[in-house]
Amino acid sequence: MREKLEEIRARASAQLSEINADLEAIRIKYLGKKGELTAVLRNMGSLSPEERPAIGAIANEVRTYIENAIAERMKEKKKDALGEKLEAERIDVTMPGTAVDVGRRHPLAKVRKEMEDIFIGMGFSVVEGPEVEYDYYNFQALNIPENHPARDTQDTFYITDKILLRSQTSPVQVRTMEKQKPPIRIISPGRVYRSDEVDATHSPLFHQLEGLVVDKGITMGDLKGMLETFAKTMFGESTRIRFRPHHFPFTEPSAEVDVSCFSCGGKGCRLCKNEGWIEILGAGMVHPNVLRGCGIDPEVYSGFAFGMGIERIVMTKYNIDDMRLLYENDMRFLGQF
Ligand code: DAH
């Protein structure tokens, strides 16, 4: 029996030293209820009383030996597993990182904000109006009755006979004057719509910024001074402005306003198409009919208004020759601003 015990110890020892030893299987094989060592101990009864203590002692020793060896291997395996885990999760802090792209404003949003800031600095407040608008506000109240030729140049999308997508931001003038009595000093930026074919300078959706000032004693000189300040801040200190007579139904007198080309200073170049000047907006003194229609007495109050296309300003400022670039969301283009 002594030899049997020694043989078990040697076999268990050999199995436990194998690299992939299945510790639980070995435990069951030797120490389990039906294990080999357990079987030997169960046979102790067949020994003589003299032999029993000595063999018992060896059996216990073998059991302790196997238990300890299993515990030892278990510890090693845990350590190996931890080592493997640490190795697998190791971070090389010297490796170059992945660059994170920083977002930025779209050039249209950027310039719009710049324009707003300039006017806010001159005491204007920013108001918004609906893009889905009544014919009344978009045309009639602006002195453009049905069948007026000005409607042809601003053909838009109709939802019903009386409701349309606004073709200009000018209806916000009327909405403001109906609600608020002078003094009024507002700008209103936003989207406008026209049923135009898409090309390098046209889009069925674009943006305008409207301005309106109404108070006692407002003159064309105020309009000119204010626009000059705007142009100098927007395009540079040496910029000059020029008024050309024009017609808008809702202003009288009306003008188209040009800025001197900031690229060539007025000598003529590609940007200004050799004109020396770039047209940026329409403006004028608010027509008495418009004031009256909003319940403001033109004998007491006067005002000026102006409206400009934001795309036009962006394209001029950044020398962009195709408007479609502003809507295509190509990061190679947008990333430059
Ligand atoms: N609404 C005009 C347009 O879309 C621009 C304009 C001209 C606005 C004169 C004004 C103005 O307020 O006084 O062409």
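## Exercises on an aromatic cluster and its surroundings

Phe119, Phe124, Phe230 and Phe306 form one aromatic cluster. The model is predicted, so that local features need pLDDT of at least 70 and side-chain atom pairs count only at pLDDT 80 or more, while totals for chains, interfaces and linings use all residues. Residues are numbered from 1 along each chain as its sequence is written, and side-chain values use heavy atoms, with hydrogens and water left out.

**Exercise 1.** Determine how many aromatic pairs there are, and classify Phe119 with Phe230 and Phe333 with Phe337.

*Solution.* A pair of aromatic rings is described by the distance of the centres and the angle of the planes. Rings of Phe, Tyr and Trp (its six-membered ring) pair if their centres lie within 6.5 Å, and planes under 30 degrees apart count as stacked, over 60 as edge-to-face and the rest as tilted. This rule gives 8 aromatic pairs. For Phe119 and Phe230 the centres are 5.0 Å apart and the planes stand at 15°, so this pair is stacked. Phe119 belongs to helix 5 (residues 107-121) and Phe230 to helix 9 (residues 220-235), so the pair ties together parts that are 111 residues apart in sequence; helices (H or I, at least four residues) and strands (E, at least two) are DSSP runs, numbered from the N terminus. Both Phe119 and Phe230 are buried, where buried means under 20% relative accessible area, exposed over 50% and partly exposed in between (1.4 Å probe, protein chains only). For Phe333 and Phe337 the centres are 5.1 Å apart and the planes stand at 65°, so this pair is edge-to-face. Phe333 and Phe337 are buried as well.

**Exercise 2.** List the buried residues of helix 11 (residues 310-318), name elements that cover them, and describe the residue that follows the helix.

*Solution.* The buried residues of helix 11 are Ile310, Glu311, Ile313, Val314, Met315 and Thr316. Their cover, judged by contact (heavy atoms within 4.5 Å), includes helix 5 and helix 9 together with strand 4 (184-193), strand 5 (205-215), strand 8 (277-286) and strand 9 (302-309). After helix 11 comes Asn319, which has a positive phi near 55°.

**Exercise 3.** Compare the radius of gyration of the protein with that of a compact globule of 337 residues.

*Solution.* Taken over C-alpha atoms, with the globule rule of 2.2 Å times the number of residues to the power 0.38, a compact globule would have a radius near 20 Å, but the protein has 44 Å. Along the principal axes, the C-alpha atoms fill a box of roughly 135 × 45 × 35 Å.
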